[in-house]
Amino acid sequence: MKFGNPFLTLKKSEWCLWIFSLLAVGGSAVLLSEPDGMSVAASLIGVTALIFVAKGHPLGQVLTIVFAVFYGIISFAVRYYGEMITYLCMTAPMALLALITWLKHPYQDANEVTVQKISLRSIGLLFLLTATVTGIFYFLLRFLGNASLFVSTLSIATSFLASALTALRSPYYALAYAANDVVLIVLWCIASAADLSAIPMVVCFAMFLLNDFYGFVNWKRMERRQSETA
């Protein structure tokens, strides 16, 4: 895999998507009288991570790890313990695993990972693991008194599934993350009703949703191109 300036690999449409995402997050913070700096920073890192994940570039996983740390701290502040535990103990390690996997499976000498088709057996095992992890986290969060328990539990299920599919190099990681984005938009809308400083996180995950839809389209495009070349 080649390692040059990753921003030089962005197409015009990807530059537009990235800049629009940055402006949306930054604009939401400007409208607040006292924006939360960490929320804004996390959101900017997050949307930057997703544009590179959508391209299958390893930088996306590096930035995902950084975002997970920031997001875990933010979630702790609003008693979203499920989000904190999920991102620090699951998303960050899974992103590290995905980074290692992606670096081991580059597509020829290009700046992208080799897309993998997963078997029906692997899909069945993946859903079983997702159900198991979700069940364990549900009882843990209930014990901790997690705010918005039901929504947080849905977030864990979709987040684990998305992280696993990312490590498996499947295009369907993006659809799982899109489902997770919808859950998180609801979760942070609840938080912003009590504290307007949480609004940038709502906008952040709205931009995540847009980027993940693009990620699915681009990964399917990568899959077709790699299959034709092979």
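Predicted model: local features only at pLDDT ≥ 70, side-chain atom pairs only at ≥ 80, totals over all residues.

Reader: OK, how many aromatic pairs does the structure hold?

Author: There are 19 of them. Take Phe 67 and Phe 208: their ring centres are 5.4 Å apart with the planes at 55°, so that pair counts as tilted.

Reader: Where do those two sit in the chain?

Author: Phe 67 is in helix H3 (residues 59-77) and Phe 208 is in helix H8 (residues 199-229), so the pair links distant parts of the chain, 141 residues apart.

Reader: And are they buried or exposed?

Author: Both Phe 67 and Phe 208 are buried.

Reader: What about Tyr 138 and Phe 139?

Author: Those ring centres are 5.2 Å apart and the planes are at 80°; anything over 60 counts as edge-to-face, so this pair does. Tyr 138 is partly exposed at 29% relative accessible area, while Phe 139 is exposed at 51%.

Reader: Which residues do ring pairs link into a cluster?

Author: Phe 67, Tyr 71, Tyr 80, Tyr 87, Trp 188, Phe 205 and Phe 208.

Reader: Switching to helices: how do H5 and H6 cross?

Author: The axes of H5 (residues 120-144) and H6 (residues 149-167) come within 9 Å and cross at roughly 145°. The crossing is right-handed.

Reader: Which residues make the contact?

Author: On H5 they include Phe 127, Val 133, Phe 137 and Tyr 138, and on H6 they include Ile 156, Phe 160 and Leu 165. By class, the contact has 14 nonpolar, four polar and one charged residues.

Technical notes: Residues numbered from 1 in each chain as written. Heavy atoms only, no water. Phe/Tyr/Trp six-rings, centres within 6.5 Å; stacked < 30°, edge-to-face > 60°. Helix = DSSP H or I, 4+ residues; strand = E, 2+ residues; numbered from the N terminus. Buried < 20%, exposed > 50% of the residue type's maximum accessible area, 1.4 Å probe, protein only. Axes fitted to C-alpha atoms, helices over the stretch in contact; angles between N-to-C directions. Left-handed = near helix turned anticlockwise from the far one by under 90°. Contact = heavy atoms within 4.5 Å. Nonpolar A, V, L, I, M, F, W, Y, C, P; charged D, E, K, R; others polar.
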